[in-house]
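Please read the following briefing alongside the sequence and the coordinates. It groups its points by topic.

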Amino acid sequence: MSTHVQKAIEIVSKATVKDKEKNYEEALRLYEHGVEYFLHSLKYDTHSERSKENIKNKCVEYLERAENLKKYLKEKDEKGNPKSHGPNNGGAKEKKKGEKSDSESEDEKNVEKKKFQNMLSDAIVVEKPNVHWDDVAGLNGAKEALKEAVILPIKFPHLFT
């Protein structure tokens, strides 16, 4: 596991603790910071497809929680006290004068969701880089180790099972 993923896990673990302690401002900050580490890891570290998918799913989960916290904190700031007792998805909602309609809040959600989706899509490498072994100067020992550990098992799996 890469150090970026370990750091991200450490940060989101702290975020969940702060969330349970109802320190929502700090939890929001930590969730966002943790997701940044996950995205950095997706972009620059090597992962298996399954691992990438798990990281993406966790990012979406943490981003949704961050959105809920952000919405809750915004309501708290605007109203002086929030509509519900916590930043959960449930709870009865009463429509008051001056409140935004459901379609406006849905539009805001869609804008934020697209923003986060763009962040995720930027972290995913779609193109196959055109780099060959000869392009890497030196590091012959590292190149040989990579070939033995990664390339050969992919090319000749029957020799390694």
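Predicted model: local features only at pLDDT ≥ 70, side-chain atom pairs only at ≥ 80, totals over all residues.

Residues are numbered from 1 along each chain as its sequence is written, and side-chain values use heavy atoms, with hydrogens and water left out.

**Overall fold**

- The chain has five helices and zero strands, where helices (H or I, at least four residues) and strands (E, at least two) are DSSP runs numbered from the N terminus.
- Read along the sequence, the elements follow the pattern α-α-α-α-α.
- Of the 161 residues, 24% count as buried; here buried means under 20% relative accessible area, exposed over 50%, and partly exposed in between, with a 1.4 Å probe and protein chains only.
- Among contacts (heavy atoms within 4.5 Å) with a separation of 6 or more, 55% are accounted for by residues 24 or more positions apart.

**Nonpolar core**

- A nonpolar core is a set of buried Ala, Val, Leu, Ile, Met, Phe, Trp, Tyr and Cys residues joined through side-chain atoms within 4.5 Å, and in the largest one, which has 25 residues, Tyr31, Phe38, Leu39 and Cys59 touch the most other members.
- The elements giving two or more residues to this core are helix 1 (3-20), helix 2 (24-44), helix 3 (49-79) and helix 4 (102-123), and helix 2 gives the most, with nine residues.
- In soluble globular proteins, nonpolar side chains tend to be buried together.
- When its neighbours within four places in sequence are left aside, Phe38 is in contact with Val5, Ala8, Ile9, Val12, Ile55, Cys59 and Tyr62.

**Aromatic rings**

- The structure holds three aromatic pairs, a pair being two rings of Phe, Tyr or Trp (its six-membered ring) whose centres lie within 6.5 Å, with planes under 30 degrees apart counted as stacked, over 60 as edge-to-face and the rest as tilted.
- One of these pairs is edge-to-face and is formed by Tyr24 and Tyr72, with 5.2 Å from centre to centre and 80° between the planes.
- Because Tyr24 lies in helix 2 and Tyr72 in helix 3, this pair ties together parts that are 48 residues apart in sequence, and both Tyr24 and Tyr72 are buried.
- Tyr31 and Tyr62 form a stacked pair, at 5.9 Å centre to centre and with 25° between the planes.
- The pair of Tyr31 in helix 2 and Tyr62 in helix 3 links distant parts of the chain, 31 residues apart; Tyr31 is buried, with a relative accessible area of 4%, and Tyr62 is buried, with 13%.
- Tyr31, Phe38 and Tyr62 form one aromatic cluster.

**Salt bridges and a charge over a ring**

- A search of the whole structure finds eight salt bridges, each defined as a side-chain nitrogen of Lys or Arg within 4 Å of a carboxyl oxygen of Asp or Glu.
- In helix 1, Glu10 and Lys14 are four residues apart and so are separated by about one helical turn; their side chains meet in a salt bridge at 3.7 Å, N to O, and Glu10 is partly exposed at 39% relative accessible area, while Lys14 is partly exposed at 46%.
- Arg29 forms a salt bridge with Glu26, the closest N and O atoms being 2.5 Å apart, and both residues lie in helix 2, three residues apart, about one turn of the helix.
- Arg29 is partly exposed, with a relative accessible area of 45%, and Glu26 is partly exposed, with 23%.
- In helix 5 (residues 140-155), Glu144 and Lys147 lie three residues apart, about one turn of the helix, and they form a salt bridge whose closest N and O atoms are 3.8 Å apart.
- Lys147 also lies over the face of Trp133, at 5.1 Å from the ring centre, where a charge sits over a ring if NZ of Lys or CZ of Arg is within 6 Å of the ring centre and within 35 degrees of the ring normal.

**His47 in its loop**

- His47 has its place in the loop between helix 2 and helix 3, and at 17% relative accessibility His47 counts as buried.
- The side chains of His47 and Ser41 are joined by a polar contact of 2.8 Å, a term for a pair of N or O atoms within 3.5 Å in which, within protein, one must be able to donate a hydrogen and the other to accept it, and for which residues adjacent in sequence count only if both atoms are side-chain atoms.
- Leaving aside its neighbours within four places in sequence, His47 is in contact with Ser2, Val5, Ser41, Leu42, Lys52 and Ile55.
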